Amino acid sequence: MQELFEKLNELISEYDSFIVMGHKDPDLDSLGSCLGLCEIIESFNKKAYIFLDDKNLENYNSNINQAFEKMEKSVTCVNEKSYKKIKGKTLLIITDTHIKDRLEYPDLVDKFDTVVLDHHIKSKNYIKDTRFLYIDTNLSSMSELITFYSEYVNIDLDNVIATILLAGIEIDTNGFNLKTTSRTYEAASTLMEMGADSILKQELLKESKEEYMKRATFIRNSFMISDSIAMCIVNGTTNSKELAEISEELLTFEDVEASFTLGKLEDNLIGVSARSLGEFDVSEIMKQMGGGGHTSNAATQVKDKTIKEVKQEIIDLVKEI
Ligand SMILES: [Mn+2]
């Protein structure tokens, strides 16, 4: 990792200004890594901006404004208009995604030199033409990476930023269960030492009761398709995030080794999110259905089929293995 941090240091010294951007519908990992990066960059006496719709953050996390108010470090957000006023040689740093369509504002990629940092499985449509692209799927989260980077450059992050980073790790690991290594705990420990606040963190991780109840209803209706594989079908229109959350939650039940959650993403498009504790390779099945991923975390989207057909296809493929 030392090599990566040296490379980032070099890049930072080369430019005057920086725009840091995460993915759209930012979660705490995306947001935390953006904030942490900005603080690191500014410690080099350079100006960093976050590309973020800060007026609508509440839509993504009902307690985030409270966190921003408590932050001692000031952050400057830019949007579709205001980024044009940024002066000097500017570098765009993307974190927590490497796919253009997932960006908060994809157009920016064509306007600035770009660096991409991510921990998701590399997709075929990754952002090309970058100054530097770094994808490490062994990382639990971008928050973990940014924590180590701040340690490397010897910066004590703002308490609130440390809190958001810690919450980001918890979100991406589903409470230190998925993709968690000793390094993940090390990062968490560093963030606590930097002053991460567990009460604020809990506030940030609270979800609305409604959302929880909705998910609980779907989970109650889930069923086993083999001795150790659970399936859940979401009624109505859903999104990939909800499907993934349900699959992850199903893994916490006794006897569940792997899980598949499916639901309608839009008309004529069904999403499947698959998770496993690691023994059963869910990517095998998702690949056969046109998707991808790795052993414990995979997904696909299927066009022009009914939920019933997709459900049967999964059941048949599971039987074959
Ligand atoms: Mn992430």
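Trainee: Which residue stands opposite T90 in β4?

Mentor: S17 stands opposite T90 in β4. Before we proceed, note that this is a predicted model: local features need pLDDT of at least 70, side-chain atom pairs count only at pLDDT 80 or more, and totals for chains, interfaces and linings use all residues. Residues are numbered from 1 along each chain as its sequence is written.

Trainee: What do the labels of helices and strands stand for?

Mentor: They are DSSP runs, numbered from the N terminus: helices are H or I with at least four residues, and strands are E with at least two. Two strands pair if DSSP finds at least two bridges between them. Here, strand β1 (residues 17-21) pairs with β4 in the parallel sense over five bridges. β4 is also joined to strand β5 (residues 113-118) by five bridges, and these two run parallel. In β5, V115 is the bridge partner of I93.

Trainee: In what order do the strands of this open sheet lie?

Mentor: The order is β3-β2-β1-β4-β5-β6, an open sheet of six strands with parallel pairing. At the edges stand β3 (76-78) and β6 (132-135), each with a single partner strand, so one side of each is left without a neighbour in the sheet. From one strand to the next the twist averages 25 degrees. β3 is joined to strand β2 (residues 47-51) by three bridges, and the two run parallel. Within that pair, I50 has C77 in β3 as its bridge partner.

Trainee: Why is strand β4 described as largely enclosed?

Mentor: A residue is buried if 20 or more other C-beta atoms lie within 10 Å of its own, exposed if 12 or fewer, and partly exposed in between; the C-beta atoms are placed from the backbone. In strand β4 (residues 90-95), five of the six residues are buried, so the strand is largely enclosed by the rest of the structure.

Trainee: How many residues of helix α5 are buried?

Mentor: Twelve of the 14 residues of α5 are buried, and the helix is mostly covered. Among the buried residues are V160, I161, E170 and D172. What covers them includes α2 (28-42), α3 (64-70), α4 (142-152), α6 (182-193) and α7 (198-205).

Trainee: What span does helix α5 reach?

Mentor: The expected span of a helix is 1.5 Å times one less than its number of residues. Helix α5 (residues 159-172) reaches 20 Å from its first C-alpha to its last, close to the 20 Å expected. After α5 comes N174, whose phi is positive, near 50 degrees.

Trainee: At what angle do the axes of α2 and α5 cross?

Mentor: Axes are lines fitted to C-alpha atoms, for helices over the stretch in contact, and angles run from 0 to 180 degrees between N-to-C directions. The axes of α2 and α5 cross at roughly 145 degrees and come within 8 Å. Two residues are in contact if their C-beta atoms, placed from the backbone, lie within 7 Å. The residues that meet include L28, L31 and L35 in α2, and I161, I164 and L165 in α5.

Trainee: How far apart do the C-alpha centres of domain 1 and domain 2 lie?

Mentor: Domain bounds come from an automatic or database domain assignment. For this chain, the assignment gives domain 1 (2-205) and domain 2 (209-320). Their C-alpha centres lie 29 Å apart.

Trainee: Which strands are at the edges of the sheet with mixed pairing?

Mentor: That open sheet has six strands in the order β7-β8-β9-β10-β12-β11. Its edge strands are β7 (223-224) and β11, each of which pairs on one side only. β11 and strand β12 (residues 297-303) run antiparallel and are joined by three bridges. In this pair, G293 stands opposite A298 in β12. Helix α9 (residues 240-250) lies across β8 (229-237), β9 (258-266), β10 (269-276) and β12, and runs at about 30 degrees to β10. Helix α11 (residues 307-320) lies across β8, β9, β10 and β12, and runs at about 155 degrees to β9.

Trainee: Where is G291 found?

Mentor: G291 is in the loop between α10 (282-288) and β11 (292-294). G291 counts as partly exposed because it has 19 C-beta neighbours inside 10 Å. Leaving aside its neighbours within four places in sequence, G291 is in contact with M286, A298, A299, T300 and Q301.
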